[in-house]
Amino acid sequence: MSHPLTLITFIPLFAMFVVLALPDTMKAIFKWIAVAATIPQLAIAWYLYEHFDTTTTAVQFAEKAPWIPSYHISYFLGIDGISISMVLLTAIICFFSVFASFGISRAEKGYYAMLLLLDTGMMGVFVSLDFFLFYIFWEVMLLPMYFLIGIWGGPRREYAAIKFFLYTLLGSVLILLAMLGLYYYGATPTFDLTELAANSSQYSIGFQRVAWIALFIGFAIKIPAFPFHTWLPDAHVEAPTAISVILAGVLLKMGTYGILRVNFAVLPAATMQLAWLFLGVIGTVNIVYGAMCAMAQTDYKKLIAYSSISHMGYVMLGLAAFTTAGINGAVLQMFNHGTITAMLFILVGMIYDRAHHREINGFGGLAQQMPIYTAITGFAFFAGMGLPGMSAFISEVLVLLGAWQLHPIMTVFGAATAVLTAGYLLWTFQRIYLGPLNEKYNTLTDITFREAFTLVPLGVLVLILGVYPQAILNLLNTSLVHLNQVVLSTSGAAVAMMR
Amino acid sequence: MDLGNIASLTLFYPELIMVAGILIIVILDLVVADKQYLGDLALITAAASLMAIGLEAPHAGAWLFHRMLVFDSFAIYFRALIALAAVIGVWMSIGSEEVKTCDQGEYYAILLASAFAMFLMAESANLLMAYLALEFVSLTSYILTGFLRHNRRSLEAALKYLIYGGVASGTMIYGMSWIFGITGSLDFTVINRALSAPGHLPVLAVFIALVLILTGMGYKVASVPFHMWAPDVYTGAPIPITTFLAIGSKAAGFALLTRFFFPAISTLTAGGSWTALAGVDWPQLLLFVCIITMTLGNLAALQQTNMKRLLAYSSIAQAGYALMGFVVLSNDGIRAMLFYLFAYYLMDAGAFLVVMIVANSTGREDIDAYRGLAWRGGIVPAVALTIFLFSLTGIPLTIGFIGKFYLFAAVIRGQFYVLAIVGILNSVVSLYYYLRPIRTMFFDQPQGDEGVVKFQTWNYGLMGVLACATIALGLYWQPIIAFADRSLTFFVGPT
């Protein structure tokens, strides 16, 4: 296959134009066009997975063409071990979120057009290796997200949409400034991320620190890291189900992906100095604070949103560990969190579609009415808690193992939070599904075939990776170990000191 | 090349075409009964002038009319922008309901005369010429602003414009007389030579003279604190005139400002950076003007409920962004400014055009008139306006982002970090008010009695071109930046 990365990125965009070109009277087929766009995407992702060489750290499937030569900007796509898992995740989540969108019944044309544009934007971020191109995709994805929340969202959608947009734009412009700094203050001006990484020693440590912090804030807003996290619960609560799925499943990972791709690879010396504070401490705060906030929620979706903040903290803590286990665990956690929260948000969406509210205390005993649905929810909850045998267990354990050597106190906090997580999830499960049936809901129907189709494959994936994590770890390991060594070798002395 | 009066005419035909067009319109206005073709004639004139500018471009590099005007690549860039503004202004006038009530002959003749005067502003090589051209532009602008004689807002705007303009131009000519007193000349090259000559110069006096001159030129580009007229004039004038003034007169102002502050009173040093002559610290002064202009413009725009006023304040802020390219004192900066002005052109003209389409259909200019526009037959103008507003904010995939990118690149390269941070924060603030019309158009539901927006092919054509250009040039802008790059040569010639 030639140009697989261009295809996987732009097929949804092409489908968007098809949707826009068709008249409104054909709105019944818009969703099928979206399905038709995400199936080849999934197929190409599988092709990439099959043909990915796990023994090399080199860029694979690269495509490069000059774009604006006077500014050294090129169209440069390629993947390595850091991006391949995210490409897979994006293809999987986008495919299922199209099915989760089937309930949309207003302005379908705009909805599917925006969804497809969002798909292109996210995929583009993970495959671009030119910083300028990366930035374009990064920003492009803001626009459809804004409209998807603002037009198809819940009652406070306008507020949530604008808050999301303002927060992320602030982050993006900081990234822009850092990007220009990297361009101008390097020995040879370039936006090529591989070249920037290869010449990382050309920047003075003072410059590296400033650029690192600017980039970190830009990416942290997306993760979202404390204290930039407040847009997330609002955005999640108001967004339609499929958009929440994408938001938690893919968008949040762009933040940590950016940190790996730019902060770690291009500014390793500053990473060595600053990671313990910005990734380690803030990551731990995310874990504990997110879990505590989740416990206090009475809105089902908000609870999942906060648990998502908490789980992203593990990714940050893993990155701060500078050990093979830590960094592998972090990226694996990015993937696993994507599949598990996608399930959780789809589950919340189903119950909201039926009951039209999300008040946890307003339910009760749904297990009697919806047994299959309840069983799947139980499965997803156990996955979220990180029970052995499920994927999240592996990644969280790897993170904690990796972090233990360098940050024992933070690790203790991180590990202890597992109890909180189990607490709020089990308590929620009990309030909604167990006990006597709330008579108001004795007409609710159990899960439909279409709904099961979006959940079961994700669940199977969670199980497979719980038993055989090598399926993903193999892809990551070579590149991540190499990256970790780059960071460590830039200032081995600093590590020795911190130990 | 130093050309005399007659010889200069061979390099002056874009202007001559303009003059011929004006005369024909004035004569036809007297003899023809059916006046609706005068607009088409004006459009042809402006377009022919634009083509003439393209044709004479290879001959750049001469003084015209005994060193009163200079014909160089820089002049070509700005005259192209101004001719384009005239095309857009006339095109919009033909499709405007407001302008239909005016005297067609006078209206188009004055509009073209204004464009002609803007050409002269962009080419001035002598302070006297600069003053005359600027006054010519101002006079025609006052008339155009007050053209809706039965509209009180229009008359009030014209009066305010006139009074502010009078004060600004008086201050400016006073400053010019200081320069004349200090250097003994009004010719830009001679001023430059006098200021760079070794020996004692009254630095404070030169500085005061520059501040006074900046008053007049800052007034034309609507930079703070000379911006007060802009919101009233933009609101009061007919929308095509608002557009023409917002883009054409601003471009002419920037052309004159650049020509005076760079080749006249600064000198180009190695590596493409400029130094102010005689140690006069005007860059610092302009740095403050720039920061205050963008901040104040943005903060004031936050509270507007009228679309024309919102765009007026936004264009004050946009002038502030363009000034960023100015204060870094480098060719990078000027190039970024040139590019940004072009970008500003497309998006601001587009935004005003949509405002006019909605005003034509609903008779209203407030943001509430846009409620649910996308859902009541106006999806095309709604999407177009969204594109223009995102471009004004500087979101990628639009030319506005590329413009901001070049500006920030120049600022970062010049190590003006505070300016970069202020610019960034301003971009974020501006998003909030640019999003308001978008929110209203898409997120709000239309109310019962609000009618469907009518379709006008004439306006939709231009809107489509502007919207497509905004996106296409945001993806591939190499030709524009190459054009801006070529235009960065000032003819200083034999002295």
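1. A word on terms before the pockets come up: a pocket here is an open set of grid points with protein on both sides within 12 Å along at least five of seven lines, and its volume is the space filled by probe spheres set on the points. Please also keep in mind that this is a predicted model.

2. With that in hand, the largest pocket holds about 1,600 Å³ of space. It is lined by 45 residues, and those closest to its centre are Met16(A), Leu20(A), Met114(A), Leu117(A) and Val383(B). By class, the lining has 36 nonpolar, 5 polar and 4 charged residues.

3. The second largest pocket has about 690 Å³ of space. Among its 33 lining residues, Ile104(A), Trp152(A), Pro240(A), Thr241(A) and Asp353(A) are the closest to the centre. The elements that give two or more residues here are α6, α10 (231-238), α11 (241-266), α14 (324-355) and α19 (449-467), which belong to chain A. Helix α14(A) provides the largest share, with 6 residues. This lining divides into 14 nonpolar, 10 polar and 9 charged residues.

4. Now to the interface, where 35 residues of chain A contact 37 residues of chain B. The two chains bury about 3,400 Å² between them, and carbon and sulfur atoms account for 80% of that area. Which three residues supply more of the area that chain A buries against chain B than any other three? They are Glu158(A), Leu177(A) and Tyr185(A), which together supply 16%.

5. On the side of chain A that touches chain B, two or more residues each come from β1 (60-68), α5 (131-140), α6 (142-152) and α7 (157-184). Of these, α7(A) gives the largest share, 15 residues. The residues on this side of chain A are 28 nonpolar, 3 polar and 4 charged.

Definitions and conventions. Residues numbered from 1 in each chain as written. Chains lettered and ligands numbered in written order. Predicted model: local features only at pLDDT ≥ 70, side-chain atom pairs only at ≥ 80, totals over all residues. Heavy atoms only, no water. Contact = heavy atoms within 4.5 Å. Buried area = accessible area lost by both parts, 1.4 Å probe. Helix = DSSP H or I, 4+ residues; strand = E, 2+ residues; numbered from the N terminus. Nonpolar A, V, L, I, M, F, W, Y, C, P; charged D, E, K, R; others polar. 1 Å grid on protein atoms, 1.4 Å probe; cavity = no way out; pocket = protein on both sides within 12 Å on 5 of 7 lines; lining within 4 Å.
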